[in-house]
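Please look at the structure with me as I describe where its ligand sits.

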Amino acid sequence: HGQPTDVAIETPDRAVHIGQNHPVVTIAGPCSVENEEMIVATAQYVKASGAKLLRGGAYKPRTSPYAFQGHGESALGLLAAAREATGLGIITEVMDAEDLDKIVEVADVVQVGARNMQNFSLLKKVGAQPKPVFLKRGMSATIEEWLMAAEYIMAAGNPNVILCERGIRTFDRQYARNTLDLSVIPVLRSLTHLPIAIDPSHGTGRAEYVPSMAMAAIAAGADSLMIEVHPNPAKALSDGPQSLTPQRFDRLMQELSVIGRAV
Ligand code: PEP
Ligand code: MN
């Protein structure tokens with residue numbers, strides 16, 4: 001497999017590189033973009049703590065059709081405002097190919113969520129656009145299926161794929177939402193040149209377990225982390241229980257800096 005893939009992300013501030021030969025890149029922000037004030041404030045907080053990219057969902061894949069579905073197109077405008085205000089690059093999820101063009105206008109990285117990992121027509125379309133793709137592992141996907149999903153994107157012409165482990169289906173939901181499979185870090189390293197990201201927020205579903213899993217991910221060699229941060233987790237419209245406060249996130253970033261490739 002030769003040289004490691006170096007994914008270069010153009011952000012207003014600078015080019016951010018995700019790959020084995022670069023410092024760990026932390027992506028942080030709320031599960032959902034709720035309003036302008038909260039997304040801009042969260043962006044400022046996570047930037048001050050060292051995050052290089054802002055995450056935030058406009059289109060949300062919710063289990064229940066009655067749950068908050070994201071603010072859609074108007075949230076893309078709010079992400080653009082946060083990008084402008086902070087200089088952070090933006091990553092947001094595409095659920096439907098119909099929305100891809102307008103997402104690509106705002107996003108510096110396009111996220112394909114766990115539930116769409118094998119949506120082959122969507123994979124071909126994100127492969128045919130120029131922005132890097134953050135491909136989350138399906139909740140019951142094998143490594144082979146995940147790598148083949150990445151192949152769909154690359155075969156369509158886009159070599160800039162980041163693989164993100166976000167926890168797999170667990171039999172014990174009493175203590176964690178998913179089982180975060182950190183063993184994929186050495187496994188993927190032996191199989192692929194693509195960068196490896198870990199999402200301990202969805203991986204555990206509980207804010208109190210996020211810091212230790214983030215530290216373990218860095219110790220095991222992850223190239224990037226995705227962490228949910230909300231200014232008031234108790235009031236979050238989605239994924240509050242797994243979201244860190246800005247203060248806890250800041251402390252985590254300091255803890256991480258002593259573990260591995262400078263965060
Ligand atoms: C998310 O990042 O908010 C998300 C919905 O992630 P996943 O696709 O991993 O569930
Ligand atoms: Mn979420």
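A polar contact is a pair of N or O atoms within 3.5 Å. This is a predicted model, in which local features need pLDDT of at least 70 and side-chain atom pairs count only at pLDDT 80 or more, while totals for linings use all residues. Residues are numbered from 1 along each chain, ligands are numbered from 1 in the order in which they are written, and side-chain values use heavy atoms, without hydrogens and water.

Let us begin with the contacts. The side chain of Arg55 places an N or O atom 2.7 Å from an oxygen atom of ligand 1. For Lys60, a polar side-chain atom is 2.8 Å from a ligand 1 oxygen, and for Lys136 the corresponding distance is 3.0 Å. Taken alone, ligand 1 exposes 300 Å², and the protein buries 97% of that (areas by the Shrake-Rupley method with a 1.4 Å probe).

Which residues surround ligand 1? There are 13, and the closest are Arg55, Lys60, Ala114, Arg115 and Arg166; each surrounding residue has a heavy atom within 4 Å of the ligand. By class, this shell has 3 nonpolar, 3 polar and 7 charged residues, with Asp, Glu, Lys and Arg counting as charged and Gly as polar.

How values were computed
A polar contact is a pair of N or O atoms within 3.5 Å; within protein, one must be able to donate a hydrogen and the other to accept it, and residues adjacent in sequence count only if both atoms are side-chain atoms.
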